[in-house]
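Please look over the sequence and the structure below before reading on. The report that follows takes up a sheet, a pair of helices and one further residue.

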Amino acid sequence: MTKMAVIGFGLIGGSMALSWKQAGLVDEVIACGHREESLKLAKEMGAADSWTTSIPEAVKDADIVVVAVPVQAMEKIFSDLADYLKPDAVVTDVGSTRMTVIEAARKGLKEKFRQYAPGHPIAGGELPGVAYATKDLFNDKWVISTPTDEMDPEKVKFIEDAWTKAGAKIKVMSPELHDAIFASVSHLPHVLAYALVDMITKEKYAKEKLGMAGAGFRDFTRIAASSPAMWRDICLSNRTAISKELKRYRQELEELQEAIDNSDAQKLEACFENAMNNRRGLVFSASKQDLGKDDGRSKSH
């Protein structure tokens with residue numbers, strides 16, 4: 001009988017529990033967190049079989065321990081669970097940054113670091129909380145594995161295989177490459193969405209503007225409804241890479257503003273056409289990839 005303890009039972013942790021249970025990877029899920037209301041809901045939903053607010057209680061008999069808390073809190077959680085971890089148990093996480101989380105695991109788990117295997121599922125939703133967890137959230141989605149030499153290859157393979165059996169696809173890359181990529185295509189868009197909504201809410205006619213917002217605004221800012229605490233921690237955890245992307249984006253905006261101020265139609269259209277072609281290509285590539293026979297494994301170091 002395989003037991004999985006999930007520490008931090010929100011959207012991702014809850015969805016992981018549901019999908020792994022559905023795939024027959026685990027027989028029992030123990031939900032652990034500090035909000036009893038959410039833990040009780042997890043049990044009512046069938047995402048968890050039992051719940052506790054005690055990390056030692058959750059971890060002591062678990063074969064798999066999933067850390068699904070905001071990334072800045074992970075080092076303390078790793079440290080709190082280390083003494084209660086079974087010798088043959090595997091620890092994983094679902095954090096959106098890799099370099100700082102792996103370092104947090106190294107510091108928190110100490111000599112038990114070899115029992116750790118990192119994983120970042122590229123999936124989510126704009127509304128946080130276990131109430132929005134679904135068993136199919138990770139179907140055909142990428143999970144990024146970022147192993148290092150100090151980790152036990154068998155533990156890493158176990159987590160990669162488990163995600164695959166649960167319906168996801170695995171990509172393997174270095175932690176450094178991961179953080180550079182997702183600073184650009186995930187973290188930066190969230191910062192921009194939050195900034196745009198925040199800017200408008202501080203303006204004189206904010207209520208009127210938001211009341212007239214159409215589909216374009218809603219699509220662009222959908223992710224600004226995500227968990228502020230989670231994205232605060234992601235920004236701090238991956239601040240170097242995100243800062244670099246923000247500077248590049250600011251430069252792009254300055255060039256566009258100059259083109260608008262100078263009525264430079266040619267420059268504007270060139271920018272928009274380049275973006276359009278690549279965005280449409282992205283949609284086509286994604287559809288083709290999902291329909292293809294790719295085994296989902298790509299290595300880049």
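Four of the five residues of strand β1 (residues 3-7) are buried, so β1 is largely enclosed by the rest of the structure. Buried stands for under 20% relative accessible area, exposed for over 50%, and partly exposed for values in between, with a 1.4 Å probe and protein chains only. The model is predicted, so local features need pLDDT of at least 70 and side-chain atom pairs count only at pLDDT 80 or more, while totals for chains, interfaces and linings use all residues. Residues are numbered from 1 along each chain as its sequence is written, and side-chain values use heavy atoms, with hydrogens and water left out.

Strands (E, at least two residues) and helices (H or I, at least four) are DSSP runs, numbered from the N terminus. Two strands pair if DSSP finds at least two bridges between them. Strand β1 belongs to an open sheet of five strands in the order β3-β2-β1-β4-β5, with parallel pairing. At the edges stand β3 (50-52) and β5 (90-93), each with a single partner strand, so one side of each has no neighbour in the sheet. From one strand to the next, the twist averages 20°.

Two of the pairings are listed here.

| Strands | Sense | Bridges | A bridge pair |
|---|---|---|---|
| β1 and β2 (residues 28-32) | parallel | five | M4 and V29 |
| β2 and β3 | parallel | three | C32 and T52 |

Helix α2 (residues 36-45) lies across β2 and β3 and runs at about 170° to β3. Axes are lines fitted to C-alpha atoms, for helices over the stretch in contact, and angles run from 0 to 180 degrees between N-to-C directions.

How do helices α7 and α10 pack, and at what angle? Helix α7 (residues 175-201) and helix α10 (residues 228-237) pack at about 125°, and their axes are 11 Å apart. The two helices are therefore oblique to each other; angles under 35 degrees count as roughly parallel, over 145 as roughly antiparallel, 65 to 115 as roughly perpendicular, and the rest as oblique. In this contact (heavy atoms within 4.5 Å), S186, H187, H190, V191 and Y194 of α7 meet P228, W231, I234 and C235 of α10. These residues divide into six nonpolar, three polar and no charged.

Residue R250 lies in helix α11 (residues 239-261). R250 is partly exposed, at a relative accessible area of 45%.

Terms used
Nonpolar A, V, L, I, M, F, W, Y, C, P; charged D, E, K, R; others polar.
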